Amino acid sequence: MNIRKTVLIVLAGVCAFACIDDKENKTPVETKKKVEIQKEPTDPKDTELYEPVPPIVNPTGQGGVPSDAIVLFNGKNFDNWIHTKDESPVKWILNDDGSMTVKDKSGDIQTKQKFGSIQLHIEWQSSTEKRASGQNRSNSGVFLQERYEVQVLDNNDNDTYVNGQVGSIYKQSIPLAKASVPTGEWNTYDIIYHAPEFNPEGEKTKSATITVLHNGILIQDHYEIKGTTPYIGWPKNNPHGKGALRLQDHGDNSGVSYRNIWVRELD
Ligand code: MG
């Protein structure tokens, strides 16, 4: 066999193998699609999508709340809330101006409804009268799924450990900025929270993530939550399903008030 014949036989073999391999792994449609994707579009229509069509949301619906939001507190009653410790009716103070104030040592409160991933809007106000220092000045907290605390604190001229200051994911994530308004004025938190995922064996397959805007300023940027946010100890992340939104009574006469609380479910 001369060299030319040998080369031809080898080439034919390679071609045959490639053809078999191609037939086994790709349908003609897939191959066509791949070619189409790789080809640079020349018509604007090639890159335009017309579905799925996003739903229409009125951002300033009834009471200025997005039309698809669930209103959790509108200033009129505690119908959507219970005390965390015993599920009893809420004893916090309902104010004439449409806000509520923590009733000292009555305990945390939480929503009756449980949530997974949410967009949350909540407004809070530090007390101008309670002038303790450090962690004891208007300390409260917004707990996602009953476990993960976004710190509420009056940090104006009142420093503390930075992973426990206002806007921190308590003892886990230092906020990117301190964006508080003057004490006694109303702060806003706008939060995008995605719940963690666990497999049937109870192992975490995806961490919860949280993004927080404090008065419109980005202070937590898609932070991956490690687990619970205890005062003492490391974060733990035992498997769980949906959970309530919980507000903290720090137990030291914080005087913190809340108003205008709504969520949009994201799952
Ligand atoms: Mg707190």
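How many nonpolar, polar and charged residues does the lining of the largest pocket have? The lining has two nonpolar, ten polar and three charged residues, where Ala, Val, Leu, Ile, Met, Phe, Trp, Tyr, Cys and Pro count as nonpolar, Asp, Glu, Lys and Arg as charged, and the others, Gly among them, as polar. This is a predicted model, in which local features need pLDDT of at least 70 and side-chain atom pairs count only at pLDDT 80 or more, while totals for chains, interfaces and linings use all residues. Residues are numbered from 1 along each chain as its sequence is written, and side-chain values use heavy atoms, with hydrogens and water left out.

**Magnesium site**

- The magnesium ion is coordinated at 2.2 to 2.3 Å by Asn139 (OD1), Ser140 (O), Glu149 (OE), Gln151 (OE1) and Gln248 (OE1); donors are N, O and S atoms within 2.8 Å of the metal (3.2 Å for Na, K and Ca), and water is not among the atoms, so sites may look incomplete.
- Along the chain, the donors of the magnesium ion follow the spacing N-S-x8-E-x1-Q-x96-Q.
- Both glutamate 149 and glutamine 151 are buried (under 20% relative accessible area, with exposed over 50% and partly exposed in between, using a 1.4 Å probe and protein chains only).

- On a 1 Å grid over the protein atoms alone, a pocket is an open set of points where a 1.4 Å probe fits, with protein on both sides within 12 Å along at least five of seven lines, and lining residues have an atom within 4 Å of a point.
- Grid points are joined across faces, edges and corners, and a volume is the space filled by probe spheres set on the points.
- The second largest pocket has a volume of about 160 Å³, and its lining divides into five nonpolar, five polar and two charged residues.

**Salt bridges**

- The count comes to six salt bridges, each being a side-chain nitrogen of Lys or Arg within 4 Å of a carboxyl oxygen of Asp or Glu.
- One of them joins aspartate 68 to arginine 264, with the closest N and O atoms 2.8 Å apart, and aspartate 68 is partly exposed at 35% relative accessibility.
- Another joins lysine 114 and glutamate 146 at 3.3 Å, N to O; lysine 114 is partly exposed, with a relative accessible area of 41%, and glutamate 146 is partly exposed at 22%.
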